[in-house]
Amino acid sequence: MKFFKRRITSIILSISIVITALSAVHMPSVNAAEPIVVVIDPGHGGSNLGTDYLPIPEKNYTMTVALYMKEQLEKYQNVQVYLTHSKDIDMSLKERAEFANKVNADFVFSLHFNMSISHILYGSEVWVPSEGSLYSQGYSAANEFLIQFEKMGLFNRGIKTRIGSKGTDYYGIIRECALRNIPAVIVEHCHVDHSNDAPYIQSPEKLKEFGVRDAEAVARYFGLVSKDGKTDYSGYAPLSVPVPSSRVYNDTTPPTHMSANLINYDKTGKYATVELTALDTESPIQYYSYSYDNGLTWSMLQPWTKGSPTITVPISMEYGKKENLIFRAYNLYDKSIDSNVVRLPNAN
């Protein structure tokens, strides 16, 4: 019987979770007698447009990518692929989870595109369940998606959980699937409202590539083999993720420390080199930005070097006298903190 099938008895499932907690979740080998069941959920639909920052609403993009993903996944052996819906209809999150439950899904992948209120964020991210083996499976699968998106040149915004006011998963598709013991993740391919990401959704070729890479991520995670035998992931080992002992909460606080130290300043007033240090005990630092007009305007977000608390950055400013520089660091959940004010040598 397959590892992920929910018809397994509750006793066996409990034992499985305990054993997994002692080590980590690993993908099982594919059982030829019982295919993997993948449900693709094109986000939004019908009157629910999704992000409508652009003339074409998000629901159109998610359906396009979902169809390409399904087509590509069906090139593999031993996998059954379903869409929660293939027409532009209204469908509640509960109905989507119920559909997945009806077809005995091993995993639900909900496809989306992103937008930020401030329009300053860019890159790809994946939201996962916050508890137990669902978290471990979700995190491992999410990692495969982000690997694919980084290969496309997109910024990796990480793997995240979000808890609602009731202490359960905030996002409905994740929460409804968790109630039915189905792993589910929300894949945010990129941001539609940022110049870094916009070319990825304005190109039919890139939308197709998203679908193909989504399928690639799933094929690698489940260890699939293509029908023509040319692609074989049966020996591939996805990221092994320990089962958490308690719910994994999202970080709701800003970084704890941010400091800036001037290393060099060009006398023309156009260039500076600054050493930045930012610390956060709960989540990694993700971006930084700077202002040379006392915080009236800020630069575009710049990637922070992953895993490094201290980085040295070159700053390019417009010509003219500048008095100071201020820096801002953002963590995984986009919470920010400002640095000390760096006084420039030509200040009065």
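Predicted model: local features only at pLDDT ≥ 70, side-chain atom pairs only at ≥ 80, totals over all residues.
Reader: How many residues does helix 7 have, and how far does helix 7 reach from its first C-alpha to its last?
Author: Helix 7 covers residues 204-222, which is 19 residues. At 1.5 Å a residue, 27 Å is expected. The span in the model is close to that, at 28 Å.

Reader: What do the buried residues of helix 7 pack against?
Author: Among the buried residues of helix 7 are Leu207, Phe210, Val218 and Phe222. The buried residues pack against strand 1, strand 3 and strand 6. They also pack against helix 2, helix 4 and helix 6.

Reader: Is helix 3 parallel or oblique to helix 5?
Author: Helix 3 (residues 93-102) and helix 5 (residues 172-179) pack with their axes 9 Å apart. The angle is about 40°. Angles under 35 degrees count as roughly parallel, so helix 3 is oblique to helix 5.

Reader: How many charged residues are in the contact of helix 3 with helix 5?
Author: Helix 3 brings Leu93, Lys94, Arg96 and Ala97. Helix 5 brings Gly172, Ile173, Glu176 and Cys177. By class, four are nonpolar and one is polar, while the charged residues number three.

Reader: Is Leu121 buried or exposed?
Author: Leu121 sits in the loop between strand 3 and strand 4. Leu121 touches Ser116, Arg157, His191, His194, Tyr287, Leu301 and Asp334, leaving out residues up to four places away in sequence. Its relative accessible area is 10%. The cut-off is under 20%, so Leu121 is buried.

Definitions and conventions: Residues numbered from 1 in each chain as written. Heavy atoms only, no water. Helix = DSSP H or I, 4+ residues; strand = E, 2+ residues; numbered from the N terminus. Expected span 1.5 Å × (residues − 1). Buried < 20%, exposed > 50% of the residue type's maximum accessible area, 1.4 Å probe, protein only. Contact = heavy atoms within 4.5 Å. Axes fitted to C-alpha atoms, helices over the stretch in contact; angles between N-to-C directions. Parallel < 35°, antiparallel > 145°, perpendicular 65-115°, else oblique. Nonpolar A, V, L, I, M, F, W, Y, C, P; charged D, E, K, R; others polar.
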